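Subject: A structure for you to explore

Hi there,

Here is the structure I promised to pass on. Have a look at it first, and then read my notes below.

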Amino acid sequence: SEYPALLRETTNAPFMLFYLGDISVLSGKTVSVVGTRKITPDAKKATYEFAYEGCKDGCSVVSGSANGVDGFAHSGAVDAYYDANQNSVVGKTVAVLPVGCDTVTPYSHKRLAEKILQTGGCLISEYPPEFPASKYTFPVRNRIISGLSLGTVLVEAPLSGGALITAN
């Protein structure tokens, strides 16, 4: 019953999901944010501000927890929570992981993952605990990122790569 309704409509949706945190954030308004790991300064600012303002308006942000665009999207969402008035309805952030939920990749985002959970967000994966990353788990998770939202924002991306596949 907690399986996200939008994801259920996605082609090749995962049979089941594993998660940590509050999966109910996926029942409200969501937007997916994707892009390159090699992000420019202007895109860093735009990504952070988009996620920050979107969450302040009550929309939750979904991204992939990678370096670059993903990290700035999650950071903007987390900071919106901390900066919000106590009476505000603030969106959360959801990190779709290419590994089991008990592992954070990249490891440098371990503290960010903790903040996502502390602010009422969610870590989600189609893989069971202790499932390791591999070359194929990163692009495969992209269908989940886009399937959890009515829209996907592509901030910045090279002509080839996972971000364009996700947006498509």
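Let's start with a question: does Leu164 count as buried, partly exposed or exposed? Leu164 counts as partly exposed, because its relative accessibility is 32%, and buried would mean under 20%. Please keep in mind that this is a predicted model.

You will find Leu164 in helix H7, which covers residues 162–167. Together with Leu154 and Leu159, Leu164 makes a nonpolar surface patch of about 300 Å².

Next, take a look at helix H4, residues 110–118. After H4 comes Gly120, with a positive phi near 90 degrees.

My last stop is Tyr52, which sits in helix H2 (residues 41–56). Tyr52 counts as buried because its relative accessibility is 15%, and the cut-off for buried is under 20%. So what does Tyr52 touch, leaving aside its neighbours within four places in sequence? Its contacts are Gly76, Ala77, Asp79, Ala80 and Asp83. With Asp83 there is also a polar contact, side chain to side chain, at 2.9 Å. Leu7, by contrast, is 45 residues from Tyr52 in sequence and 24 Å from Tyr52 in space, C-alpha to C-alpha.

Enjoy exploring!

Best wishes

Notes: Residues are numbered from 1 along each chain as its sequence is written. This is a predicted model: local features need pLDDT of at least 70, side-chain atom pairs count only at pLDDT 80 or more; totals for chains, interfaces and linings use all residues. Side-chain values use heavy atoms; hydrogens and water are left out. Patches are made of residues with over 30% relative accessible area and no salt bridge: like charges are joined within 9 Å, nonpolar side chains (Val, Leu, Ile, Met, Phe, Trp, Tyr) within 5 Å. Accessible areas come from the Shrake-Rupley method with a 1.4 Å probe; for residues, only the protein chains shown count as cover. A salt bridge is a side-chain nitrogen of Lys or Arg within 4 Å of a carboxyl oxygen of Asp or Glu. Helices (H or I, at least four residues) and strands (E, at least two) are DSSP runs, numbered from the N terminus. Buried means under 20% relative accessible area, exposed over 50%, partly exposed in between (1.4 Å probe, protein chains only). Contact means heavy atoms within 4.5 Å. A polar contact is a pair of N or O atoms within 3.5 Å; within protein, one must be able to donate a hydrogen and the other to accept it, and residues adjacent in sequence count only if both atoms are side-chain atoms.
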